[in-house]
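Colleague: I would like to go through the salt bridges of this model. Can we take them one at a time?

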Amino acid sequence: TWTFPAPALSETEERTLRVQADSTGVVPESDEENNEGDGSVTIYGEKPDLTVTAVKADADSYKPYETVTIAVTVRNDGVVPAPASTVRLAGDGIPAQEAAVPTLQPGKPYAVSFRFTAPYIIGEQEFVLTAAADPDDRISERDETNNRGEGSFTVSNPLADLTVTEV
């Protein structure tokens with residue numbers, strides 16, 4: 001094992017490493033031609049990396065017209081602070097909403113709550129929601145593909161069941 005400090009980069013780069021055993025030729029060997037090897041390592045640029053780590057309803061089920069509260073947690077998985085941004089919540093028949101996210105230090109989460117009225121339905125239906133951190137890609141991040149998270153909630157409004165018990 002050999003440990004070395006990685007260079008500070010602004011962009012993520014793939015670097016090739018070349019290693020050589022007995023580089024000064026002091027060990028007598030039967031084959032001096034197999035002492036080198038190549039490998040690669042990814043060095044991540046010093047950028048923020050916003051991720052959505054949770055999209056959770058405050059109840060398992062709602063009745064039509066009840067207030068639904070969805071908690072969304074955004075975290076900066078990068079190595080430098082993420083500037084202030086937004087998180088957007090949207091989903092099945094639910095109007096999109098946005099909330100501000102303040103500057104986040106590396107490794108720090110921020111939770112925001114969204115509230116809306118459960119839609120009127122008959123029966124029972126699950127609604128899937130997607131939360132997107134930095135939804136308009138205004139922040140240059142280490143990984144632009146991990147900004148979304150999903151969650152769901154259920155609305156239940158069963159129909160009445162009339163039963164004849166005696167004739």
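Colleague: Which residue does Arg138 meet in a salt bridge?

Modeller: The model is predicted. In it the side chain of Arg138 has an N to O distance of 4.0 Å to its partner, and the cut-off is within 4 Å.

Colleague: Which residues are joined with Arg138 into one network?

Modeller: The network comes from salt bridges that share partners. One of the salt bridges pairs Arg88 with Glu98, at 2.5 Å from N to O. Joined with Arg138 are Arg88, Glu98 and Asp136.

Colleague: How many residues apart in sequence are the parts that Arg88 and Glu98 tie together?

Modeller: The two side chains meet in a salt bridge. Arg88 belongs to strand β6 (residues 85-91) and Glu98 to strand β7 (residues 94-101), so the pair links parts whose separation in sequence is 10 residues.

Colleague: Is Arg88 buried, partly exposed or exposed?

Modeller: Buried would require under 20% relative accessible area, and exposed over 50%. Arg88 has 25%, so the residue counts as partly exposed.

Colleague: Which strands does the salt bridge between Asp38 and Arg18 tie together?

Modeller: The closest N and O atoms of this pair are 2.8 Å apart. Asp38 is exposed at 52% relative accessibility, and Arg18 is exposed at 57%. Asp38 lies within residues 36-43 and Arg18 within residues 13-20, so the parts tied together, 20 residues apart in sequence, are strands β2 and β1.

Colleague: How many salt bridges does the count come to?

Modeller: The pairs discussed, including Asp38 with Arg18, are among them. The count is six.

How values were computed
Residues numbered from 1 in each chain as written. Predicted model: local features only at pLDDT ≥ 70, side-chain atom pairs only at ≥ 80, totals over all residues. Heavy atoms only, no water. Helix = DSSP H or I, 4+ residues; strand = E, 2+ residues; numbered from the N terminus. Buried < 20%, exposed > 50% of the residue type's maximum accessible area, 1.4 Å probe, protein only.
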